[in-house]
Amino acid sequence: MTTLTETTVAGIDDQRIASENSTTKFMVALDVDGTLVDHDGHMSVPVREAAQAVVAAGHDVLIATGRSLNATLPIIEQIGIDSGYAVCCNGGVTLRLDRDLADGYEIIHKATFDPAPALRALREKLPTAKYALEDEDGNFLSTERFQDASFGVEAIGVDFQTLLEATAVRLVVFSTENTPEEFSATIKEIGLAGVTYSVGWTAWLDIAAAGVTKASALERLRGHLGTEPHSTVAIGDGRNDIEMLGWAGRGVAMGQAPEEVIAAADEVTHSVFDDGAAHVLRSLLA
């Protein structure tokens with residue numbers, strides 16, 4: 001692994017000129033939580049300015065996040081992306097961004113699945129866990145007043161049977177009574193079938209349709225954009241970034257990432273608390 005080191009920071013105008021002189025147009029996939037923003041949801045000035053500079057230089061910058069649509073849009077706006085694409089819900093939803101559209105975006109792909117088999121299996125082993133899902137209309141349905149900033153909308157409280165009958169884009173499970181290690185062991189024991197899942201930093205589980213990951217959505221967009229594989233870059237820190245880091249020609253793990261995420265990457269940058277994403281983004285402008 002290569003740890004990126006501090007580089008001289010040019011002004012944005014200098015960076016733009018340098019990039020325009022480069023023959024490579026990169027497709028840059030950026031995770032949000034733990035990469036662009038810290039765990040309090042704060043994006044530092046160096047990260048924001050570096051991301052804005054890469055966007056201004058004409059590279060294809062895409063947000064690729066586990067967040068749902070409404071929680072992703074503020075990040076897109078913050079770094080100045082007004083055209084292009086974004087991947088939400090760990091690949092479950094793909095947006096086309098266009099400032100001329102009424103909402104500034106349109107959903108061009110949505111992968112749905114039947115959550116009932118996974119919910120039944122999980123409820124048997126984790127009866128006290130909290131459950132929430134995003135349905136095909138973008139609503140969040142949840143048990144026990146389960147709410148999270150990544151939902152982007154206020155969740156609607158429902159009973160478990162209603163969750164079983166819904167069609168899902170994203171299913172989330174959170175346990176306050178298990179350590180992350182206990183939670184991970186239980187998930188492996190259950191052996192979820194017919195879905196794709198990733199375990200988060202805490203006792204948190206994100207589930208998408210079978211075969212759906214950030215990487216699967218990005219590969220579809222790479223083909224559409226005509227970007228060569230070696231011109232793809234991805235930065236992330238979570239287990240839901242593992243496929244994306246392996247997909248990218250240059251996969252960069254954040255410094256605070258778990259060992260299995262670092263193992264999937266080509267490089268390791270500084271942590272989110274030391275503006276690791278900014279160092280990588282600036283390197284694209286050199």
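This is a predicted model: local features need pLDDT of at least 70, side-chain atom pairs count only at pLDDT 80 or more; totals for chains, interfaces and linings use all residues.
Search the whole structure for disulfides (pairs of cysteine sulfur atoms within 2.5 Å) and you come back with zero. Cys88 is in no disulfide, and its nearest cysteine sulfur, that of Cys89, sits 5.9 Å away. Cys89 is likewise in no disulfide, with the sulfur of Cys88 as its nearest at 5.9 Å.

Residues are numbered from 1 along each chain as its sequence is written, and side-chain values use heavy atoms, with hydrogens and water left out.

Now zoom out. The protein chain comes to 10 helices and 15 strands; these are DSSP runs numbered from the N terminus, with helices being H or I of at least four residues and strands being E of at least two. Of its 286 residues, 53% count as buried. Take the contacts (heavy atoms within 4.5 Å) between residues at least 6 apart in sequence, and 59% of them join residues at least 24 apart.

Next, follow the chain to helix α10, residues 276-283. Seven of its eight residues are buried, so α10 is largely enclosed by the rest of the structure. The buried ones are Gly276, Ala277, Ala278, His279, Val280, Leu281 and Arg282.

What packs against α10? Helix α2 (residues 45-56) does, at an angle of about 25 degrees and with the axes 8 Å apart. That makes α2 roughly parallel to α10. For the bookkeeping, axes are lines fitted to C-alpha atoms, for helices over the stretch in contact, and angles run from 0 to 180 degrees between N-to-C directions. Under 35 degrees counts as roughly parallel, over 145 as roughly antiparallel, 65 to 115 as roughly perpendicular, and the rest as oblique. The α2/α10 crossing is left-handed, meaning the near helix is turned anticlockwise from the far one by less than a right angle, with clockwise being right-handed. On the α2 side, Pro46, Val47, Ala50, Ala51 and Val54 meet Ala277, Ala278, Leu281 and Arg282 of α10. By class, that contact has eight nonpolar, no polar and one charged residues; Ala, Val, Leu, Ile, Met, Phe, Trp, Tyr, Cys and Pro count as nonpolar, Asp, Glu, Lys and Arg as charged, and the others, Gly among them, as polar.

Now for another pair. Helix α4 (residues 116-125) and helix α6 (residues 180-190) have axes that come within 10 Å and cross at roughly 130 degrees. That makes α4 oblique to α6, and their crossing is right-handed. Here Ala121, Leu122 and Lys125 of α4 meet Thr186, Ile187, Glu189 and Ile190 of α6. The residues of this contact divide into four nonpolar, one polar and two charged.

Last stop: Gln147, in the loop between β8 (140-142) and β9 (156-157). At 39% relative accessibility, Gln147 counts as partly exposed. Leaving aside residues up to four places away in sequence, Gln147 touches Val153, Glu154 and Ala155. The C-alpha atoms of Gln147 and Lys130 are separated by 9.6 Å, with the two residues 17 apart along the chain.

Definitions and conventions. Buried means under 20% relative accessible area, exposed over 50%, partly exposed in between (1.4 Å probe, protein chains only).
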